[in-house]
Amino acid sequence: MATFPSIQPSYGLVKRSEPNIRTIRFADGYEHRLMLGLQAHQNPKVIVLKFEVSETDADTIETFLDARALDQASFTFTPPAESSSSQFVCENWSKTVPYLNRAIINATFRQVFEPA
């Protein structure tokens, strides 16, 4: 299992919850909500990160994410200000080079639940 490189993202990340809940709405206004899957896996997180780093660190991040796209594997990542790591996939990212030897990588990490 791969671990994301120890390069810290910039502050200002966005963390979203995407609960696995399905809602059935009836004509009389009654609603019934159902949880899907195991209870421990009901609220996966989506984290939008921005890395403002050197060109070398940006290449390290991009190489890592390219490798995960090829092997279709998740990776271990510890979000900023959290004490435990989780499994994530990154399905899209972009790289901007604002000036010489600096780069910005914007990436969206989606939490997944897989056996170790």
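Predicted model: local features only at pLDDT ≥ 70, side-chain atom pairs only at ≥ 80, totals over all residues.
Glu 31 first: I looked up its cover and got a relative accessible area of 31%, which makes it partly exposed (buried is under 20%, exposed over 50%, partly exposed in between, with a 1.4 Å probe and protein chains only). Residues are numbered from 1 along each chain as its sequence is written, and side-chain values use heavy atoms, with hydrogens and water left out.

Next I checked what Glu 31 pairs with. Its partner in a salt bridge is Arg 25, with the closest N and O atoms 3.0 Å apart (the criterion is a side-chain nitrogen of Lys or Arg within 4 Å of a carboxyl oxygen of Asp or Glu). Arg 25 has 62% relative accessibility, so I put it down as exposed.

How many salt bridges are there in the whole structure? My search found 7.

I then went to Lys 95. It forms a salt bridge with Asp 59, the closest N and O atoms being 2.9 Å apart. This one links distant parts of the chain: Lys 95 sits in strand E7 (residues 86-99) and Asp 59 in helix H1 (residues 55-71), 36 residues apart. For the element names, I used DSSP runs numbered from the N terminus, with helices (H or I) of at least four residues and strands (E) of at least two. Lys 95 is partly exposed at 27% relative accessibility, and Asp 59 is partly exposed at 35%.

Lys 95 also meets the side chain of Glu 62 in a salt bridge, at 3.6 Å from N to O. Again the pair joins distant parts of the chain, from helix H1 to strand E7, 33 residues apart. I have Glu 62 as partly exposed, with a relative accessible area of 23%. Through shared partners, salt bridges connect Glu 55, Asp 59, Glu 62 and Lys 95 into one network.

Last, the nonpolar surface. I found a patch of about 370 Å² made by Ile 24, Phe 26, Tyr 30 and Leu 34 (patch residues have over 30% relative accessible area and no salt bridge; like charges are joined within 9 Å, nonpolar side chains, meaning Val, Leu, Ile, Met, Phe, Trp and Tyr, within 5 Å). Areas are from the Shrake-Rupley method with a 1.4 Å probe, and for residues only the protein chains shown count as cover. Ile 24 lies in strand E3 (residues 21-25) and is partly exposed at 37% relative accessibility.
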